[in-house]
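Welcome! Please take a look at the sequence and the 3D structure shown here. A guided tour follows.

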Amino acid sequence: MQKHILIAEDDLAMQTSLSFILEDEGFVVTTVSTGKAAFEKIQSSFHNDQMFDLLITDIQMPELNGLQLIKSISQAGIILPVIVITGYGDKQTLIELIRLGCDGFLPKPFEPVDVCQKIQEVFQKCDELKAQEEKKFADLIKQNIDLAREIDSYKHSFYALRKELNNAIITYNDLICLNKNGYKVPIAYHIQALKDLGGDFVDIRDTEKGCDIIIADVAGHDMAASYHTVMIKSFFDENCRTQKTGETFFQLLNHALLENGKNERMVTSLFLRVDLDNYHVSAVSAAHPQMIYYNDKDQTLHQVNIAGNFLGLLTDVFFETKSFFVHPKDRFIFYSDGIPNAYQINGVSGKKISLTSSGLFDLLKKNIHLPIDNMLTSVWEKIEKFTRYKQTDDMMLFALEIP
Amino acid sequence: MLTTFQEDDYIEFKFSSEIKMVNKIIKEVRSYLENYEIEEDGNIILILRELINNAIEHGNKKEKDRVVSVCLLLLDDKRFKIVVADEGDGFDYNSINYRMSDDPTQIRKRGLCLVNSFADEIEFNQTGNRITVYVTANETTQFHVEDINDVTVVQPSGDITSEDADPFRYVIHDCLEKGKTKFRFDLTHVNDIDSIGLSLFVIFSNLAQKKFSNIGFEIINANQDIINLFQMTRLNRIYTII
């Protein structure tokens, strides 16, 4: 296609000779005599999408000189190669033109051959730039496609993973889920997990003489933590069948957690065996927050301190066993560390106030007269209110009553 | 309309009830918070966004000429008091249920619930058209390590919880790699250690004892709760509490 050149020149002789030279070379030429007219032509051609290929302009012109014209073009966001016809002694203007990114200069006086050579240079430079831009653009498109493909594959694996995880969560919750009724002892509990996986674990199994109960808290909230929990559950099930003592059970469990766990996790746990034939209870603790015993006859609450190591990290561990006789209507209350650690922050002072085990003790004292279900719900609601309904850890509260 | 007033550690905005003001104010607050080198301003921004939205939409019912005022006051290091007031009729703030819904699609309707969960404490004026929120900017614990004579002193800048587990793990592994054998943990700034944090102390001592025979661990400046924790878990047999 023929290239279209705009000449802005107020000297008519110069304008005519330039257009002769250029038309001779096969260019389409439009001429104007002022900067203003040039700018209007450029604007309208830009909007009609019939842009000039080149502007040749003089510096000295009425109504918008060459410099102002170039500035106006660039301010309008129009890209157009420019050759400026310069006279003698325009050094300052020259510097300014270079700064503006002018593409070429044509010093007066010039021969036709100079004009043609300059134009060829500018067009060549433009073509090179255009080719570079096109290549850059093509590369970007390619990169874009590659990235989109990569994202697609990430998306795909993410959805697959999410699905897998959801299934794991469902299975996990099915595994550790506990019925509220149907045991030899009445129970009540409330568990609120911070995350989908891991968290506090409680289980109860009827035995020949009564029931066995376990509470466990595995550190962490990830899939690995939930594997530990499942392992604890299966050991507990097995122990309910074999009826080994709590101490032996914890020794075996500790060994198993250490043996199988490359991923070391701290586990705290409490084990309670209720013998309803003899109204006898024995308890073992693996560094779990101490349980609370309610003696119905004296109407008193006691914290039962049982010494023991946590599970899953040390090879040499020991567990004390506490045994005592109980009476109907006596209660045992267990909880995870999330309860005494539950806190609120005073807005003004910024001070953190924890519930603490004595806070829990007081709450239980005030509600112990209620039936076990109501007692638990009432205490739980007060704890929630205390934390201003903000949960920061797993929380579990569990109570049982001797029938 | 937007007027801003700023003085020392206090900044106040008053603006017309237009939704477009929300982002404008958020932008202003962000640049204001930069003065306090708050690395993670997530809490504060989230709370403000909810409160300003509520004030414009529910409080002033998007009536342009009603004014919303927002002020932020720095209480102490990284803690702010935020007050947002509108010219509406207020609402029954006693009836709010702050329990987080398990259903994620409900979150949009539960803006105040979200605010509550990110704030330390919230209060309303009697009418219910002015809310005061106290909030602490998020901060992660840094572990400062220094060799004093032949003892490596590790000082955490805050609590040691599961969120800080990775940097803590990195620090202790690094110390062991360098062949250090005497360790002192300065727990001056630690109020709380959770079970993951505690596990790291155990894992660390196990690793160190496997590697060197003449290993020594000390805990200094621990508060009573943490001392109890070490005693309850019998970690005090491994870590000497001074």
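Into which domains is chain B divided? Chain B has domain 1 (2–136) and domain 2 (143–241), with bounds that come from an automatic or database domain assignment.

## Before we start

This is a predicted model, in which local features need pLDDT of at least 70 and side-chain atom pairs count only at pLDDT 80 or more, while totals for chains, interfaces and linings use all residues. Residues are numbered from 1 along each chain as its sequence is written, and chains are lettered from A and ligands numbered from 1 in the order in which they are written.

## Chain A as a whole

Chain A holds nine helices and 17 strands. Here helices (H or I, at least four residues) and strands (E, at least two) are DSSP runs, numbered from the N terminus. The radius of gyration of chain A is 43 Å, well over the 22 Å that the globule rule gives for 403 residues, so chain A is more spread out than a compact globule. That radius is taken over C-alpha atoms, and the globule rule is 2.2 Å times the number of residues to the power 0.38. Along the principal axes, the C-alpha atoms of chain A fill a box of roughly 125 × 45 × 35 Å.

Chain A also has two domains to look for: domain 1 (4–134) and domain 2 (178–401). Their C-alpha centres lie 87 Å apart. Of the 403 residues in chain A, 31% are buried. A residue is buried if 20 or more other C-beta atoms lie within 10 Å of its own, exposed if 12 or fewer, and partly exposed in between, with C-beta atoms placed from the backbone. Among contacts in chain A between residues at least 6 apart in sequence, 66% join residues at least 24 apart; two residues are in contact if their C-beta atoms, placed from the backbone, lie within 7 Å.

## Chain B as a whole

Turning to chain B, you can find six helices and eleven strands. The radius of gyration of chain B is 24 Å, well over the 18 Å from the globule rule for 242 residues, so chain B too is more spread out than a compact globule. The C-alpha atoms of chain B fill a box of roughly 75 × 35 × 30 Å along the principal axes, and the C-alpha centres of its domain 1 and domain 2 lie 40 Å apart. Buried residues make up 28% of the 242 residues in chain B.

## Where the chains meet

How many residues of chain A are in contact with chain B? There are 19, and they are in contact with 22 residues of chain B. On the chain A side, eight of the residues are nonpolar, five polar and six charged. For this count, Ala, Val, Leu, Ile, Met, Phe, Trp, Tyr, Cys and Pro are nonpolar, Asp, Glu, Lys and Arg are charged, and the others, Gly among them, are polar.

## Nonpolar cores

A nonpolar core is a set of buried Ala, Val, Leu, Ile, Met, Phe, Trp, Tyr and Cys residues joined through C-beta atoms within 7 Å. The largest has 84 residues, and those with the most contacts inside it are A:Val267, A:Phe398 and A:Ala399. Leaving aside neighbours within four places in sequence, A:Ala399 is in contact with residues including A:Ile187, A:Phe332 and A:Leu376. A second, separate core has 26 residues, among them B:Leu51, B:Ile52, B:Ala55 and B:Ile122.

## A hairpin and some loops

Strand 11 (residues 291–295) and strand 12 (residues 300–304) of chain A pair in the antiparallel sense over five bridges; two strands pair if DSSP finds at least two bridges between them. The two strands form a hairpin with four residues between them, and A:Gln299 in the turn has a positive phi of about 55 degrees. A:Asn295 stands opposite A:Thr300 in strand 12. In the loop between strand 10 (280–286) and strand 11 of chain A sits A:Ala287. A:Ala287 has a positive phi of about 50 degrees although it is not a glycine, and counts as buried because it has 27 C-beta neighbours inside 10 Å.

Is A:Asn48 buried or exposed? With 8 C-beta neighbours inside 10 Å, A:Asn48 counts as exposed; its place is in the loop between helix 2 (35–47) and strand 3 (54–58) of chain A. In chain B, B:Ile215 lies in the loop between helix 5 (195–211) and strand 10 (216–220). B:Ile215 has 17 C-beta neighbours inside 10 Å, so it counts as partly exposed.
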